[in-house]
Each structure stands twice: as C-alpha cells, then as structure tokens.
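This briefing goes through the chain by topic.

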Amino acid sequence: VPLKMYEKGEYSDLPVPRVGEEVGGVYYSGEHKFEMTGIVERVFYNTTMNLVVVSCKCTDIQKLK
C-alpha cells in the first residue's frame, strides 16, 4: 500500500515509521474515502525523488461514509 509522499520540507516534523510498526490513515479515491491500518514492511529513501518511501501490508480497511 503506497502512502502519501510529501515534498522535502513539507511535514518535516513527522516521525518516519519503523519496519514492524502499525500505521494508519485515510485514503481518498475519487469521491470514496477509506480508513486503513497496516504494518510497515519497508522504509527507504528515494534519492532520485528526494523523499522517504514507506510500504506497508494492509491489515484492515473500512469504507467511510
């Protein structure tokens, strides 16, 4: 599950999750909104795009109204 990627300097105070930690958030797909929870599987720094990429395995997803 790809997470939102922030530009350098944007939200720089947010902690970077570690592998094995549970993360959650809201995913928007057009007019639909989903609350998702997952376990971080991989964290790496993409030097080409100058950002941190976090991949996780979704453990729960709920469609919000």
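How many helices and how many strands does the secondary structure of the protein chain come to? There are zero helices and three strands, where helices (H or I, at least four residues) and strands (E, at least two) are DSSP runs numbered from the N terminus. The model is predicted: local features need pLDDT of at least 70, side-chain atom pairs count only at pLDDT 80 or more, and totals for chains, interfaces and linings use all residues. Residues are numbered from 1 along each chain as its sequence is written, and side-chain values use heavy atoms, with hydrogens and water left out.

**Strands and pairing**
- From the N terminus, the order of elements in the protein chain is β-β-β.
- Strand S1 (residues 22–29) runs antiparallel to S2 and is joined to it by eight bridges; two strands pair if DSSP finds at least two bridges between them.
- Valine 26 has glutamate 35 in S2 as its bridge partner.
- Between S2 and strand S3 (residues 51–64) there are 13 bridges, again in the antiparallel sense.
- Valine 40 is bridged to cysteine 56 in S3.

**Turns**
- The hairpin of S1 and S2 has two residues between the strands, and glycine 30 there takes a positive phi near 65°.
- Four residues lie between S2 and S3 in their hairpin, with asparagine 50 in the turn at a positive phi of about 60°.

**Burial and surface**
- Of the 65 residues in the protein chain, 15% are buried (buried means under 20% relative accessible area, exposed over 50%, partly exposed in between; 1.4 Å probe, protein chains only).
- Tyrosine 45 belongs to strand S2 (residues 32–46) and counts as partly exposed because its relative accessibility is 43%.
- Val16, Tyr45 and Val52 make a nonpolar surface patch of about 260 Å²; patch residues have over 30% relative accessible area and no salt bridge, and nonpolar side chains (Val, Leu, Ile, Met, Phe, Trp, Tyr) are joined within 5 Å, like charges within 9 Å.
- A salt bridge is a side-chain nitrogen of Lys or Arg within 4 Å of a carboxyl oxygen of Asp or Glu.

**Ring contact**
- Arginine 42 has its charged end over the ring of phenylalanine 44, 4.2 Å from the ring centre (NZ of Lys or CZ of Arg within 6 Å of the centre and within 35 degrees of the ring normal).

How values were computed
Accessible areas come from the Shrake-Rupley method with a 1.4 Å probe; for residues, only the protein chains shown count as cover.
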